[in-house]
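Visitor: I would like to learn how to read a helix, a core and a loop from the coordinates alone. Could we take them one after another?

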Amino acid sequence: MGTRERRVSVKSDRSKLVKWDDLRMELILNCTQDLIKKAAKTLKAGHLVAFPTETVYGLGADATNEKAIGKIYSVKGRPIDHPLIVHISSINQLSKWAVNIPKYAFKLAEEFWPGPMTLILQRSALAEDFITGGQSNVGLRVPAQPIALALLSEFEKIGGSGIAAPSANRFGAVSPTTSNAVKSELENFLNDRDLILDGGLCLIGIESTIIDCTKVLPRVLRSGAITNEMIVTVSGLDESTNCDLSAIKAPGVLESHYSPKAKVVLDSIAKSGEGFIAMSDIPTPSGAIRLASPTTIQEYARDLYTALRLGDEKNLKKVIILLPQGEGLAVAIRDRATKAAAGK
Ligand code: TXA
Ligand code: MG
């Protein structure tokens with residue numbers, strides 16, 4: 001049986017995203033091609049498959065199967081009116097799921113897909129109410145992680161159209177960035193027909209940038225690795241409209257979210273016995289427990305959720321986060337840390 005199994009070795013194409021250059025690498029993945037095929041069949045049969053993406057792990061189901069989508073909501077404990085992102089294999093699948101796509105959205109998709117960007121577009125008939133929470137818009141993303149892309153293409157080969165996947169955590173909790181984190185988060189809720197695919201640590205570490213593309217101008221609903229500066233360059237975003245979130249529901253922009261069990265406080269000083277997350281050049285306060293020492297802003301994003309989980313594993317009562325300064329990815333890190341701090 002093992003003879004048909006082979007390791008998948010794929011070089012990620014991030015050439016367009018200059019800012020990630022230090023993360024470009026050849027990935028030798030733990031998933032075999034046979035396992036990916038099995039996962040695609042598992043999805044087609046209406047079960048759940050948690051899979052790695054370059055942002056965070058997703059909890060996937062067939063985006064056209066209402067019953068399977070219902071399982072995502074019950075496993076996550078997520079309110080039913082919170083819409084799901086549909087993951088597709090390439091920009092060629094865009095018009096299956098969306099209509100009246102503005103030119104700037106195509107430009108963004110051409111530039112940043114596959115990648116950590118979700119576009120909110122007017123839905124086609126394929127995107128039913130059980131995906132969109134009853135809204136007339138649908139969120140779409142082509143992930144850049146090779147296992148995710150292989151899964152999407154195997155799923156399409158057997159007649160699938162898209163994989164709906166929220167982050168693979170219980171509602172309101174920290175998104176998982178390793179398969180072990182998915183396991184500890186969801187093992188009591190998944191059943192023996194469901195699968196978790198391992199793809200190692202997620203390279204970006206925080207969720208995709210969400211851009212509302214249903215108006216004349218794009219608006220960022222959730223910051224991420226595709227930064228405002230990158231969006232402005234490609235599409236001409238009017239930053240003054242950026243904060244107007246009133247017209248559309250994006251529950252990811254709730255004030256409290258991404259919360260570990262420990263109380264998170266945004267500060268520069270930690271007391272003895274408290275967790276501490278800060279850039280590596282900041283010394284650890286006496287007696288504090290260092291949870292992450294990123295040397296770059298990319299490492300900060302990649303390590304943030306792992307560090308929060310580590311704090312919980314150590315049963316820490318309080319974790320202090322010293323926020324990174326600056327623009328770009330630092331904006332998304334401050335957003336997630338602020339929401340984690342609002343959670344308790
Ligand atoms: O990086 C990511 O985006 C990850 C990976 C797995 O792709 N997914 C993710 O999904 O973060 P989720 O469901 O945890 O967060 C997506 C956010 C939610 O707040 C959801 O309400 C919002 O996007 N969203 C999804 N579809 C939407 C829509 N049609 N209109 C407005 N907001 C939408
Ligand atoms: Mg989430």
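Visitor: Against which elements do the buried residues of α2 pack?

Guide: Keeping in mind that this is a predicted model, begin with the general idea: an α-helix has 3.6 residues a turn, so residues three or four places apart point the same way. In the present case α2 spans residues 66–76, and its buried residues are A68, I69, I72, Y73, V75 and K76. These buried residues pack against β4 (58–62), α5 (129–132), β8 (163–164) and α7 (179–186).

Visitor: Which residue caps the N-terminal end of α2, and what phi does G77 take just after the helix?

Guide: The cap is N65, which places a side-chain oxygen 3.0 Å from the backbone nitrogen of K67. Beyond the other end, just after α2, G77 adopts a positive phi of about 70 degrees.

Visitor: Turning to the cores, which members of the largest nonpolar core touch the most other members?

Guide: That core holds 46 residues, among which L108 and L119 touch the most other members. Setting aside residues up to four places away in sequence, L108 touches W113, M117, L119, I211, C213, I231, V234 and S235. There is also a second, separate core of 26 residues, with L304, L329, I333 and A337 among them.

Visitor: Where is S223 placed, and is S223 buried or exposed?

Guide: S223 sits in the loop between β11 (219–222) and α8 (228–235). Since burial requires a relative accessible area under 20%, S223 counts as buried because its value is 16%. Apart from neighbours within four places in sequence, S223 is in contact with E207, S208, T209, V331, A332, D335 and R336.

Definitions and conventions: Residues are numbered from 1 along each chain as its sequence is written. Chains are lettered from A and ligands numbered from 1 in the order in which they are written. This is a predicted model: local features need pLDDT of at least 70, side-chain atom pairs count only at pLDDT 80 or more; totals for chains, interfaces and linings use all residues. Side-chain values use heavy atoms; hydrogens and water are left out. Buried means under 20% relative accessible area, exposed over 50%, partly exposed in between (1.4 Å probe, protein chains only). Helices (H or I, at least four residues) and strands (E, at least two) are DSSP runs, numbered from the N terminus. Contact means heavy atoms within 4.5 Å. A polar contact is a pair of N or O atoms within 3.5 Å; within protein, one must be able to donate a hydrogen and the other to accept it, and residues adjacent in sequence count only if both atoms are side-chain atoms. A nonpolar core is a set of buried Ala, Val, Leu, Ile, Met, Phe, Trp, Tyr and Cys residues joined through side-chain atoms within 4.5 Å.
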